[in-house]
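Open the model in your viewer and keep the sequence panel beside it. The stops below can be selected one after another.

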Amino acid sequence: MCRDGASWVQHTILERHLGSRLRVYALWTDKLPFDSRRRWDAAELVDRRVMHLWDGGDLAGRWLVDHARGFHGGDWDAYALFGPDARWTTTLAAPLSSGSPVIGSSDQLAAAIGPLLTASVGRAPGTHRPRASTMAA
Amino acid sequence: MTGTGRPPRRLAIAVAALVTLVVVGATWVVDQKFLAHATPPPGVTLTDLRSVDQLRSLFDADTGTPRLILILSPT
């Protein structure tokens, strides 16, 4: 199931929006009987916008379940989508969309992420459009 | 009556050989399918996450970009 979700993100989101700004944090954790770091092969998630992180103890998943306001996923095979303005200072901003399993929530994720990707097309990676007031100054 | 012990002995040897073959085959399949070292595509790397704060730093460094957190298992 997890691998299906990863593959779906690669082919349906990343490959169809090659020019869009998006950062994906793929947190890989040890949940199933044969899971291990040595079994990791990226599961087709090969886009350069993806950062792969090994989280064997599922620190992030458990943190999201226990502390993230508005997070509706489980501690694995889950996703959380955030807009460009979201910050994680003392508390993490509520996700725009979240759920699990990833492949089972794909319609919901596609609907939520579509407008974000359309809005960010054409901006060069690493740049952020300044606010109008800043430009005027 | 002189050959009464031979057929069971042959059968036992055949069964032992078959069991050995099955065990070796199953071990090979399990090793290849579930335990072997998987190979990621060239250029794709995996970084250890040491703490939630590390993820928090990465997340805030990418402010200005839509961000998607995925929690997955490798198998």
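**Before you start**

This is a predicted model, in which local features need pLDDT of at least 70, side-chain atom pairs count only at pLDDT 80 or more, and totals for chains, interfaces and linings use all residues. Residues are numbered from 1 along each chain as its sequence is written, while chains are lettered from A and ligands numbered from 1 in the order in which they are written.

Colour by pLDDT, the predictor's confidence in each residue, from 0 to 100. Chain B has a mean pLDDT of 86, with 85% of its residues at 70 or more. For the complex, the predictor gives an ipTM of 0.86 and a pTM of 0.78.

**Stop 1: each chain by itself**

Helices (H or I, at least four residues) and strands (E, at least two) are DSSP runs, numbered from the N terminus. Of the 137 residues in chain A, 38% are buried; a buried residue has 20 or more other C-beta atoms within 10 Å of its own, with C-beta atoms placed from the backbone (12 or fewer is exposed, in between is partly exposed).

Now switch to chain B. Two helices and two strands make up its elements, in the order α-β-α-β from the N terminus. Here 16% of the 75 residues count as buried.

**Stop 2**

Six strands form an open sheet with mixed pairing, in the order 4(A)-3(A)-2(B)-1(A)-2(A)-1(B). Its edges are strand 4 (97-99) of chain A and strand 1 of chain B, each of which pairs on one side only. From one strand to the next, the twist averages 20°, where axes are lines fitted to C-alpha atoms (for helices over the stretch in contact) and angles run from 0 to 180 degrees between N-to-C directions. Two strands count as paired if DSSP finds at least two bridges between them.

Strand 1 of chain B runs parallel to strand 2 (residues 50-54) of chain A, and three bridges join them. Pick A:His52 to find its bridge partner B:Leu46, then A:Trp54 to find B:Asp48.

Next, select strand 1 (residues 23-28) of chain A, which pairs with strand 2 of chain A in the parallel sense over five bridges.

**Stop 3: strand 2 of chain B**

Which sides of strand 2 of chain B are covered? Both are: B:Arg67, B:Ile69 and B:Ile71 are buried on one side, and B:Leu68, B:Leu70 and B:Leu72 on the other.

Six bridges join this strand to strand 1 of chain A in parallel, with B:Leu68 as the partner of A:Val24. Strand 3 of chain A pairs with strand 2 of chain B in the antiparallel sense over five bridges; select A:Ala80 and its partner B:Ile69 there.

**Stop 4: the core**

The largest nonpolar core has 41 residues, and those with the most contacts inside it are A:Ala26, A:Leu27, A:Tyr79, B:Leu70 and B:Leu72. Such a core is a set of buried Ala, Val, Leu, Ile, Met, Phe, Trp, Tyr and Cys residues joined through C-beta atoms within 7 Å. Elements that give two or more residues to this core include helix 1 (2-14), helix 2 (59-67) and helix 3 (106-119) of chain A, and strand 2 of chain B.

Centre on A:Ala26. Leaving aside neighbours within four places in sequence, its contacts include A:Ala6, A:Leu45, A:Val50, B:Leu70 and B:Leu72; residues are in contact if their C-beta atoms, placed from the backbone, lie within 7 Å.

**Stop 5: the interface**

Finally, select the contacts between the chains: 33 residues of chain B touch 51 residues of chain A. Strand 1 (46-48), helix 2 (52-61) and strand 2 (67-72) of chain B each supply at least two residues of the chain B side.

Note on methods. Contact = placed C-beta atoms within 7 Å.
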